[in-house]
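Here is a short briefing to read alongside the model. Keep the structure open as you go, and look up each residue as it comes along.

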Amino acid sequence: MKTLPAGITEGQTLEGDLEVGCDLAVIGSGAGGAVTAATAAQAGLSVVLLEEGGAFGTERFRQREDEAYPFLYQDGGQRATKDGAIAILQGRALGGGTTVNWTTCFRTPDYIVEHWRKKHAVGGVSVAELAPHWQWAEERLAIAEVPLPLVNANNQKLLDGAKKLGFETALLRRNVIGCAGTGNCGHGCPIGAKQGMLNTLIPDAIKAGAAVLTRARADRVLFESARAVAVECTLLDAWGVGPTGLRATIKPKAVVVSGGAINSPALLLRSNAPDASGRLGRRTFLHPVVAIGGFFDDEVAGWRGPPQSVASHAPVHRGEEMGYFLETAPVHPMLAATSFTGFGGAHAELFVNVKQAAALIALQVDGLHDDVVGGTVSVLSSGRAALDYPIVARQWRGFIEAQKTLIRVALAAGARTVATLHEGPNRFSSEADLPRVDALPWRTGSVVLFSAHQMGGCMMSDDPKQGVVRSSDLRHHQIDNLFVVDGSVFPTATGVNPQLSIYGLAHLAATRIVDGLSKG
Amino acid sequence: MKRRGFLKLGIVGGALLAVAGTTLAVLPGDRSVRPRVPLASLSEAQFAVLVALAARVVARTTADPLSVAHAVDTALRFAPPEVQKDLGLALGLLDNALVSLLTGGRPTPFTMLKEQQQDEALRRWGDSRLALLRSAYQGLRKLCLAAHYATPPAAAALGYTPSIAKPEPPAITARGPLVVDLAALRARDAVEMPPGSPAPVDGGTP
């Protein structure tokens with residue numbers, strides 16, 4: 001058994017099977033995995049960081065959707081819920097989701113952390129305990145409020161409309177240094193301004209001696225007498241599609257699963273990991289999004305500037321009804337073309353004016369109500385992950401309400417006409433039209449829905465009947481040397497864009513994991 | 001039977017599937033369109049239906065339906081095999097005369113219909129009571145639109161241009177490295193950075 005050298009080894013270039021020993025194998029290089037790998041390497045542990053995606057760096061990010069989605073997203077950008085109803089934007093690259101996210105940073109809201117404590121027996125991760133770890137991330141990743149001149153016309157429409165309706169709004173905090181507003185956060189930052197894992201914690205980990213193996217798909221974790229003993233990987237070609245025929249086997253002292261929601265539970269399901277809670281793969285949440293295109297007389301060019309710089313959380317607390325918050329989405333040709341409904345002439349006639357369109361989105365906070373239990377991850381016969389996510393009546397009601405709010409905001413901002421993402425007649429030009437929203441086809445396949453935030457599936461709880469991992473250090477309840485560190489441990493949606501929530505929790509957990517492993 | 005669960009087929013959906021495989025041979029559609037290069041994901045019959053479908057989805061744009069169909073076939077390689085199979089199956093259903101009849105249309109394969117009738121057939125799927133057909137409609141529609149609008153000329157026609165000029169990195173080969181030799185790249189072609197950009201770092205790849 002040999003060791004891998006510090007630095008990046010690209011799996012597709014290997015010429016033979018690989019068997020490697022180390023202290024810690026970390027599966028996934030996104031917000032959870034990179035933080036854990038760097039923390040462990042800096043503490044002196046030998047670390048192998050495994051990544052299914054490719055080692056694409058800034059020089060390969062060319063502001064092209066036809067390159068970004070196939071190479072930097074799960075399923076080449078085609079991931080969706082099993083019934084196709086919700087399109088799932090989820091990263092798959094070195095740096096994981098942080099390579100393609102839109103850089104928005106929020107600490108986990110107090111009410112969410114409190115809900116986890118009360119409802120899901122989450123202990124040891126209070127706001128007070130998380131605060132220094134959020135602060136660490138904010139400093140390391142240069143998280144700061146967006147300067148006003150960088151707010152693009154798309155976000156200005158949200159700001160104007162929300163203010164006119166009396167909604168509280170805020171400028172967002174972002175993890176960037178020297179952002180020039182190229183608008184390509186979702187395609188890999190072309191100038192290296194984004195302080196994602198690719199530019200920060202992965203280099204930190206390597207500097208501290210970590211080995212990174214890309215294009216290595218973790219097929220399963222092997223267990224012996226209630227301990228994780230190996231991680232078996234298929235090495236993929238440079239396209240990330242076909243196997244090269246070679247395999248990598250990592251034999252670590254402990255395993256950290258950081259594949260993100262959907263992939264982490266799928267890996268543990270493939271591995272036949274014990275699941276005393278019956279919760280493995282369950283309670284997967286998506287912050288499901290309804291959106292509108294608001295068409296203005298002036299140019300919006302929603303592809304320029306930071307994709308997100310303004311938010312309103314005014315409608316987040318709605319008691320028995322679903323809460324939601326308002327943000328924007330970038331309006332790049334491909335992403336927007338697949339969002340607007342219809343085909344042929346009807347589609348082209350609207351879409352030709354896309355330069356005048358603002359895209360406003362409402363993200364629904366799922367998981368806080370008893371009947372909103374989220375989706376269930378399963379493994380297809382090919383081994384790939386699938387997510388079944390039934391949308392319950394309370395959620396449809398929430399979508400309708402959020403849709404009305406979005407239309408009102410766009411109209412208040414001066415939109416000439418607003419298009420919802422439903423098939424059939426879907427244009428609105430005055431508040432008097434709002435009752436028609438109820439009559440839109442609110443059913444799967446008739447309205448385009450999205451998710452850019454995936455959470456849950458390996459939820460944390462100190463009660464082994466409720467959670468897959470315990471909350472204090474995210475250790476698996478039945479396997480002593482197995483940890484899950486990523487967004488899959490959240491017991492509900494976070495109610496905010498989740499990246500900073502993951503950084504903070506990962507850093508807290510990694511510190512405790514390293515402490516535990518060092519002791520023995 | 002496993003795949004039935006994937007698209008959540010109801011009883012009627014199951015009946016549709018049962019006839020899908022059997023009638024294609026009885027009432028063959030138009031298969032005169034041939035792929036330009038070997039296909040990555042679809043069969044030639046499925047591809048021919050996709051070309052006809054793409055022609056309607058991207059109608060009134062500058063798109064060439066055959067190019068769109070090839071781009072969709074390539075894109076499908078990245079989807080799970082189960083999804084590839086389902087979309088191929090959906091194309092078969094769309095061109096199946098008996099399915100068309102059962103779902104309120106004419107007993108004619110999609111590829112043999114006139115343009116206006118093809119649009120009606122697509123709208124019927126988009127507005128179907130069967131979630132399966134709506135889902136297939138959305139999946140195929142989105143793939144065709146994505147394939148067209150992701151191309152730089154289509155994006156440019158809408159007024160979209162990349163913010164900065166960047167040098168062309170080496171082409172990707174199946175076993176080749178992805179990490180770019182930055183010194184060579186810089187020597188070949190300068191990167192034009194917009195005002196306010198961070199100082200050039202080592203490309204971001206550690």
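Beyond its neighbours within four places in sequence, B:Ser128 is in contact with B:Thr103, B:Leu133 and B:Arg134; contact here means that the C-beta atoms, placed from the backbone, lie within 7 Å. This is a predicted model, in which local features need pLDDT of at least 70 and side-chain atom pairs count only at pLDDT 80 or more, while totals for chains, interfaces and linings use all residues. Residues are numbered from 1 along each chain as its sequence is written, and chains are lettered from A and ligands numbered from 1 in the order in which they are written.

**Around B:Ser128**

- You will find B:Ser128 in the loop between α7 (115-126) and α8 (131-149) of chain B; helices are DSSP runs of H or I with at least four residues, strands are runs of E with at least two, and both are numbered from the N terminus.
- B:Thr103 lies 25 residues from B:Ser128 in sequence, and their C-alpha atoms are 8.2 Å apart in space.

**Helix packing in chain B**

- Chain B has ten helices and zero strands, and 43% of its 206 residues count as buried.
- Among contacts in chain B between residues at least 6 apart in sequence, 62% join residues at least 24 apart.
- By class, the contact of α7(B) with α8(B) has five nonpolar, one polar and one charged residues; Ala, Val, Leu, Ile, Met, Phe, Trp, Tyr, Cys and Pro count as nonpolar, Asp, Glu, Lys and Arg as charged, and the others, Gly among them, as polar.
- Helix α3 (residues 44-57) and helix α5 (residues 81-94) of chain B have axes that come within 9 Å and cross at roughly 70°, which means that α3(B) is roughly perpendicular to α5(B).
- From α3(B), B:Gln46, B:Val49, B:Leu50 and B:Leu53 meet B:Gly88, B:Leu91, B:Gly92 and B:Leu94 in α5(B).

**Strands in chain A**

- Strands β18 (residues 376-379) and β19 (residues 385-388) of chain A pair in the antiparallel sense over four bridges; a pair needs at least two bridges found by DSSP.
- β18(A) and β19(A) form a hairpin with five residues between them, and A:Gly383 in the turn has a positive phi of about 95°.
- In the open sheet β5-β8-β6 of chain A, three strands pair antiparallel.

**Where the chains meet**

- The contact takes 63 residues from chain A and 65 residues from chain B.
- On the side of chain A that touches chain B, α8(A) gives the largest share, four residues.
- The residues of that side of chain A divide into 24 nonpolar, 24 polar and 15 charged.

Key: Contact = placed C-beta atoms within 7 Å. Buried ≥ 20, exposed ≤ 12 C-beta atoms within 10 Å, placed from the backbone. Axes fitted to C-alpha atoms, helices over the stretch in contact; angles between N-to-C directions. Parallel < 35°, antiparallel > 145°, perpendicular 65-115°, else oblique.
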